[in-house]
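Open the structure in your viewer and keep the selection tool at hand. The stops below say what to select next and what is there.

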Amino acid sequence: MSRILVSEERCKGCLLCTTVCPVEILQQSERLNQQGYKVAEVPAGSMDKCTGCASCATICPDMAIEVWRSKKPKKAA
Amino acid sequence: MAGTNERIFVKGNEAIAMGALDAGCRCFFGYPITPQNDIPEFMSKAMPAAGGEFVQAESEVAAANMLMGAGACGVRAMTSSSSPGMSLKQEAISYMAGSEIPAVIVNMNRGGPGLGDIGPSQGDYFQSTRGGGHGDYRLLVLAPSSAQEAYDMTHGAFDLAFTYRSPVLILGDAIIGQMKEPIKRRAATLADPAEGREWRLEGTGAGKKPRAHRIIKSLFLMDGELAGQNQKLQAKYESWKDLVQFESFEVRDAELVVVAYGSIGRIAKNAVRALRKKGKKVGLFRPKTLYPFPEKALAKLAKEGKRFLTIEHNLGQMVEDVRLSVRRHADSELFCVYPGNMPSPDDFEAPILRALGRK
Amino acid sequence: MPKANTAAQAGEDLVFTRPNALADRATHYCPGCHHGIAHRMLAELLDEMDLAGRTVAASSIGCSVFLYNYIQVDTVESPHGRAPAVATGIKRARPDKFVFTYQGDGDLASIGMAEIMHCANRGERVTVVFVNNTVYGMTGGQMAPTTLIGQKTTTCPGGRCQDREGSPIRMAEIISQLGGTAFCARGSLDSVKNIRQAKKYMRQAFEAQTKGLGFGFVELLSGCPTNWRLNPVAANKRITDEMIPYFPLGVYKELSGDDTCGALVAGEGK
């Protein structure tokens with residue numbers, strides 16, 4: 001399963017990631033981090049839609065998102 | 001050949017360039033301005049021949065900043081200019097002082113203010129000895145009065161720059177730069193490859209083991225950081241007091257001591273010599289380092305009861321340092337040659353006699 | 001960031017994480033500021049091209065003055081606009097090093113115009129990353145040489161007027177005209193597609209140096225939501241709608257085949 005991890009201490013709540021997710025699973029949470037930003041999140045139950053495309057991490061200015069992608073099943077020769 | 005006893009006949013400007021080359025200078029960044037053009041012209045041939053780099057920069061601003069880049073890498077580098085160009089270099093010089101980057105800078109002082117003329121002047125004394133740019137800093141300032149001294153001082157300036165991680169200034173003028181004299185060169189040396197190894201920039205992977213990245217900077221915003229840096233710089237400038245150099249000539253029994261530096265020091269020496277022949281008790285004190293200023297030596301002479309006359313090729317700048325040095329026991333009179341006029345020994349005899357006669 | 005989280009589990013690959021050359025710390029940049037993206041791509045390339053260990057950078061003045069707190073390479077802090085001259089000094093002194101500058105539009109296209117032009121024209125084997133956000137950020141949003149006509153800033157409160165303040169300067173076009181330029185392109189950081197393309201341009205600008213071809217230049221259109229008085233999403237839209245039409249994206253100069261800009265500096269690529 002592909003997934004992302006948002007570092008809530010690094011997120012500045014700019015929400016650029018929410019505009020680029022092809023499956024629209026990123027959103028602003030109601031949680032404030034220590035810097036006072038409302039951080040981005042993938043709500044519970046939505047992560048299984050993640051495709052691991054890394055668009056969110058690519059546009060994130062704060063290196064706040066890491067991305068894991070499912071290994072493709074090896075095709076039979 | 002260099003390094004032998006053979007004397008070669010060169011301009012002061014060439015002597016400076018040779019001094020740098022023989023001390024292992026391998027980068028020169030210049031820009032044309034009279035009366036220092038012989039230095040970049042010499043270096044445009046000498047640097048590539050020695051495996052170094054010569055760049056004619058787009059401006060004195062750029063030349064001084066190139067110097068900063070090369071110096072940050074721990075490479076022996078130099079730039080030269082004359083007064084209007086020196087004004088432009090001050091930005092980078094302040095940054096180099098603030099971020100402790102070694103470099104050698106030559107100013108062949110010409111008449112000012114503004115475009116002035118292309119003749120000799122000592123109008124940049126304040127600029128040279130007070131730092132020159134923004135902020136609180138000093139440069140080591142060496143003032144040669146002959147081609148040989150120009151060679152030797154430039155040669156030694158590189159060691160000083162790297163020992164103290166500071167820009168060092170050679171302050172000459174159109175007379176020193178253009179006058180041809182015999183000099184002896186030393187054997188050419190290469191810079192120690194380990195020079196600056198503890199701080200120079202060469203990449204985090206340059207050593208045997210990868211190290212943390214180094215930052216050479218002059219911006220200190222955190223609480224107390226800038227004050228700490230200024231304290232460090234101040235301690236460095238205090239430590240320079242031992243580097244003071246000066247020439248004393250016929251001062252032992254002198255009633256009046258003439259204080260003059262550089263080309264004027266040399267011309268004044270001739271006047272003093274002529275007056276001695278007439279039995280006048282006059283002597284000469286010539287600071288070779290303008291910063292640090294030889295204040296203790298002057299104070300000692302003042303304590304001995306001597307009187308002073310400062311002669312300068314400006315409207316009176318070094319006289320302030322002379323007066324500060326002798327203030328407990330004496331004062332200094334002042335005789336100025338205005339920039340734009342060419343001084344001669346004959347011009348100095350009358351003011352020296354006037355000062356000697358006034359008790 | 002707790003390292004335990006970064007370990008890939010069975011059946012997955014870690015495909016996006018912090019490059020080694022990028023410090024593991026929060027930046028001082030405002031939310032939505034694109035410096036962070038440019039920094040990350042720079043650090044990724046230093047890692048991917050194995051350059052970090054032999055890099056000496058010249059940082060500049062502006063919001064990116066603290067570049068050295070984030071990009072973990074040896075760095076000298078240059079006076080405002082002078083980074084290309086400082087970089088020249090570094091490269092001439094140490095031709096074996098990889099040398100780059102990172103400059104904003106006030107720094108590069110205003111006070112540092114002479115230095116950037118002549119560094120490019122000499123064909124110095126250095127790479128310049130030029131971040132164009134049409135405004136002086138650090139000092140509080142004053143008019144920059146790249147401020148668009150009509151754009152309001154704190155020193156052109158009525159909007160930039162061509163009659164009084166001239167037109168926004170297109171640096172990539174200018175740099176591409178100079179003989180020493182081996183690679184010159186303009187990218188943008190407003191969309192995922194453009195960011196990925198911009199990184200390719202950055203790589204080519206790096207390669208212009210590592211292959212010894214000549215001067216490498218990449219301009220990055222970037223957002224400054226704070227000084228534009230826009231939220232980050234609207235700021236990105238402004239780049240798309242207003243900046244890109246005036247500052248067209250693409251490669252402006254690329255040497256073909258075995259061309260170089262002359263053998264000016266011994267070292268790189270030889």
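Helices (H or I, at least four residues) and strands (E, at least two) are DSSP runs, numbered from the N terminus. Residues are numbered from 1 along each chain as its sequence is written, and chains are lettered from A and ligands numbered from 1 in the order in which they are written. This is a predicted model, in which local features need pLDDT of at least 70, side-chain atom pairs count only at pLDDT 80 or more, and totals for chains, interfaces and linings use all residues.

**Stop 1: chain B as a whole**

Select chain B, which has 12 helices and 15 strands. Its radius of gyration is 21 Å, close to the 21 Å that the globule rule gives for 359 residues, so chain B is as compact as a globular protein of that length. The radius is taken over C-alpha atoms, and the globule rule is 2.2 Å times the number of residues to the power 0.38. Along the principal axes, the C-alpha atoms of chain B fill a box of roughly 70 × 50 × 40 Å.

Of the 359 residues of chain B, 57% count as buried. A residue is buried if 20 or more other C-beta atoms lie within 10 Å of its own, exposed if 12 or fewer, and partly exposed in between, with C-beta atoms placed from the backbone. Two residues are in contact if their C-beta atoms, placed from the backbone, lie within 7 Å. Among the contacts in chain B with a separation of 6 or more, 79% are between residues 24 or more positions apart.

**Stop 2: two helices of chain B**

Select residues 262–277 and 345–357 of chain B, which are helices α9 and α12. Their axes come within 8 Å and cross at roughly 60°, which makes α9(B) oblique to α12(B). Axes are lines fitted to C-alpha atoms, for helices over the stretch in contact, and angles run from 0 to 180 degrees between N-to-C directions. Angles under 35 degrees count as roughly parallel, over 145 as roughly antiparallel, 65 to 115 as roughly perpendicular and the rest as oblique.

Which residues of the two helices meet? From α9(B) they include I267(B), A268(B) and A271(B), and from α12(B) they include F348(B) and I352(B). The residues of this contact divide into 8 nonpolar, 1 polar and 1 charged. Ala, Val, Leu, Ile, Met, Phe, Trp, Tyr, Cys and Pro count as nonpolar, Asp, Glu, Lys and Arg as charged, and the others, Gly among them, as polar.

**Stop 3: two cis bonds in chain B**

Go to G112(B) and P113(B), which are joined by a cis peptide bond with omega about 0°. P113(B) is in the loop between β5 (103–109) and α5 (125–129) of chain B. Then move to Y291(B) and P292(B), where the peptide bond is also cis, with omega near 5°. The loop between β13 (289–291) and α10 (295–303) of chain B holds P292(B).

**Stop 4: chain C and its side towards chain B**

Select chain C, with its 10 helices and 10 strands. Chain C has a radius of gyration of 18 Å, which agrees with the value near 18 Å for a compact globule of 270 residues. Of those 270 residues, 58% count as buried.

Now show chains B and C together: of the 2 pairs of chains that touch, this pair has the most contacts. Here 30 residues of chain C are in contact with 36 residues of chain B. On the chain C side, α3(C) supplies the largest share, 8 residues. That side divides into 14 nonpolar, 8 polar and 8 charged residues.

In chain C, also select T134(C), which has a positive phi of about 65° although it is not a glycine. T134(C) sits in the loop between β5 (127–132) and β6 (135–136) of chain C, and is buried, with 28 other C-beta atoms within 10 Å.

**Stop 5: chain A**

Show chain A with chain C: 27 residues of chain A are in contact with 29 residues of chain C. β4(A) gives the most to the chain A side, with 5 residues. Chain A and chain B do not touch, and their nearest C-alpha atoms are 19 Å apart.

Is Q34(A) buried or exposed? With 8 C-beta neighbours inside 10 Å, Q34(A) counts as exposed. Q34(A) lies in the loop between β2 (27–32) and β3 (38–41) of chain A.
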